[in-house]
Structure formats: C-alpha cells, structure tokens
Amino acid sequence: MALKNVRLEVMKTVEKSIDEFVDKYLIPVEEIWQPTDLLPNSQDEGFFEEVTQIREEAKELGYDFWVVLVADMVTEEALPTYESWLMDMEGVEQHGEMKGKQNGWAKWIRHWTGEENRHGDTLNKYLYLSGRVDMKEIEKTTQYLINDGFDIGTGRDPYRNFVYTSFQELATNISHKRVGQLARKKGNKMLAKMCNIIAGDEMRHHLAYREFVKTIFEYDPSEMMLAFEDMMKKKIVMPAQFIRESGQGIGEAFENFSNAAQRLGVYTTQDYIEILQKLNDFWEIDKMTALTDKAEKARDYLMKLPDRMTRIAERIKVPQDPHQFAWVGANGTL
C-alpha cells in the first residue's frame with residue numbers, strides 16, 4: 001500500500017473516535033466562557049468605571065510585558081491562517097453540518113477553531129481598553145500575518161501537523177499562564193484571570209493533539225517516528241516567527257519579541273526543551289518496538305536531542321536592551 005494511502009487509512013481509523021475526542025477535550029458553545037464574561041460589559045451601568053480601573057492597573061505593567069501580550073494576541077488573531085492550513089491536511093474533507101454530514105476531522109478543526117477564536121477576541125478588547133498600545137499598528141501586524149500566510153514545515157501531512165499542534169499548544173499554554181502570573185503580581189486580577197483561562201483552553205487542546213499522535217503511533221509507529229524527527233530537525237516554528245511591523249519584512253519582529261519573552265521568563269529556550277522531553281515521555285518512544293531501522297535511528301536522535309539542546313542553550317546570551325516596537329511606546333506608554 002502506498003505511503004499516502006496508509007496515512008489516509010490511519011486518519012480514517014482515528015476519525016471513528018473523533019466524537020469522543022470532541023466530547024472529552026472541547027466544550028459546547030452554550031457551556032464555555034465568552035469574552036464578555038471576562039471583560040467589562042458595555043451594557044452595564046458600571047462599564048466606564050471598570051474601563052477606568054483597567055487603564056489604571058495597566059500603568060503598572062512594563063514595556064516587555066506589553067510587547068509579549070501584543071505578540072500573543074496577534075498570534076491568536078491570525079486564526080484564519082491556521083484553520084485553512086489544517087483544513088488542507090490529507091484526510092480532511094470539507095463537508096459541513098448543513099448537508100447533514102460532516103467529515104470527522106473537519107468537525108474537530110471547526111470546533112477547535114471556534115474555541116481558539118475567543119482568545120484573540122478577548123485579548124484584543126483588553127488591549128484596546130487598556131490605552132497602553134497603538135492599536136492601529138497592532139491591527140496592521142495582524143493583517144500582515146494573515147496576508148502573508150506561513151509555512152510550518154508540515155505540508156499536508158497529518159502526522160507532522162499533529163506533532164506541530166501538540167508542541168505549539170503547550171507552548172501557548174505556558175506563555176499565557178506566565179503572562180497571567182506576571183499580571184497578578186502587579187495586582188491586575190482581571191488580566192490574570194483572562195490569561196489563565198485562555199491557558200486552560202490551550203492545555204485541553206494540547207492534551208487532544210498529543211492523544212492523536214499517541215493513537216497514530218499505535219497504528220503506524222515507524223512513519224509517525226520519522227515525522228516527529230523531521231519536525232524537530234526543522235524546529236517547531238511558532239506562528240509569531242512570521243509577524244512583522246509596518247515597513248518591515250516578514251519575521252523581522254520575531255527575534256525582538258522572543259528576546260522580550262526570554263527576559264520576562266514567559267517562554268524560554270528551556271521551555272522548548274522541556275516540551276520536547278514531555279512529548280518523548282508521554283509517547284513513550286523509548287519503549288517502542290517493531291520500528292524500521294530508519295525509525296530506530298530517528299528515535300535515538302529524539303532521545304538525545306533534549307540534552308544536546310540544553311548544552312547549546314547554556315551558551316546563548318539574551319540581549320538586555322529592549323527593541324522599540326511601533327506597537328508600544330517607551331516604558332509601555334504612547
């Protein structure tokens with residue numbers, strides 16, 4: 001059987017359990033939180049007082065904090081790119097509910113997208129109300145990111161895509177959670193709650209995607225191992241790698257944003273290494289048998305990679321001088 005056909009058969013097999021995954025890892029629309037639950041309600045009498053409180057509390061948060069929060073929000077707002085990318089995977093068919101029939105994978109991706117869509121909405125509204133950032137510059141960055149698209153090195157291969165999402169969802173969980181912790185330390189309970197709840201969504205999604213990969217390992221271990229190795233050799237490229245400010249080229253802003261995140265301890269090289277180790281452990285790649293020779297070598301590479309990356313990370317110096325972003329004025333003021 002051709003390699004492509006094997007992947008399609010595995011996708012069809014896993015798809016049979018997709019409703020169980022939806023029920024376990026996603027939350028129905030009528031039960032899940034919405035941005036208005038976390039933000040001032042414009043229909044309430046106390047709306048302006050709450051906005052004033054947001055603006056006062058926002059003054060306590062420093063420059064690097066705003067850079068990271070903006071980049072996190074822009075990454076969430078580029079959701080149309082991610083949905084269209086995942087919808088193009090092998091094994092996904094564009095059937096909708098209207099016809100009374102929906103491909104299981106398409107159902108998962110749409111429902112996942114619906115949950116993720118609330119994250120950008122929430123953070124966007126908060127940033128707008130805070131008065132600490134240049135929203136027009138941020139909006140340009142968001143539009144650029146959607147216009148430019150991205151290439152995360154997965155092609156249409158579901159195996160590679162699920163490695164990517166397993167990794168990336170945990171990375172966003174860490175980033176949002178840490179931003180929330182920093183906000184709480186500065187007395188900003190509203191923003192802390194937003195970030196922590198968003199982080200909780202990201203964790204649920206991570207648990208689902210890593211389960212997809214674990215299931216695929218059961219049916220097609222050698223090819224899944226090779227896909228995992230390939231993605232780690234390419235490195236998991238975060239969507240933020242493709243952000244840009246107006247007048248810049250693609251990705252020019254990423255290094256400066258990444259340095260800000262490292263200075264804050266929001267998302268570091270060590271976090272990247274620990275995510276890899278967690279995936280190695282969860283998928284129990286050290287215990288896998290019946291691998292091809294090529295897949296055995298891939299497994300050996302993946303087992304040694306965390307230590308190798310740790311040695312490299314120890315030599316990396318993070319610049320301490322903040323880059324001046326168009327999104328945020330000096331010291332978080334305009």
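User: Why are α5 and α7 called oblique to each other?

Analyst: The axes of α5 (residues 63-77) and α7 cross at roughly 140° and come within 8 Å. Axes here are lines fitted to C-alpha atoms, for helices over the stretch in contact, with angles from 0 to 180 degrees between N-to-C directions. Angles under 35 degrees count as roughly parallel, over 145 as roughly antiparallel, 65 to 115 as roughly perpendicular and the rest as oblique. The two helices are therefore oblique. The contact (heavy atoms within 4.5 Å) involves, among others, Trp66, Leu69 and Met73 of α5 and His119, Leu123 and Leu127 of α7.

A word on the basis: this is a predicted model, where local features need pLDDT of at least 70 and side-chain atom pairs count only at pLDDT 80 or more, while totals for chains, interfaces and linings use all residues. Residues are numbered from 1 along each chain as its sequence is written, and side-chain values use heavy atoms, leaving out hydrogens and water.

User: What makes α7 largely enclosed by the rest of the structure?

Analyst: Buried means under 20% relative accessible area, exposed over 50%, and partly exposed in between (1.4 Å probe, protein chains only). In α7, 19 of the 27 residues are buried, so the helix is largely enclosed. Helices such as this one are DSSP runs (H or I, at least four residues), and strands are E runs of at least two, numbered from the N terminus.

User: Why does Lys235 count as exposed?

Analyst: Its relative accessibility is 53%, so Lys235 falls in the exposed class. Lys235 sits in the loop between α11 (221-234) and α12 (252-264), and has a positive phi of about 80° although it is not a glycine.

User: And what makes Glu284 partly exposed?

Analyst: Glu284 has 35% relative accessibility, so it is classed as partly exposed. This residue belongs to the loop between α13 (269-282) and α14 (293-313).
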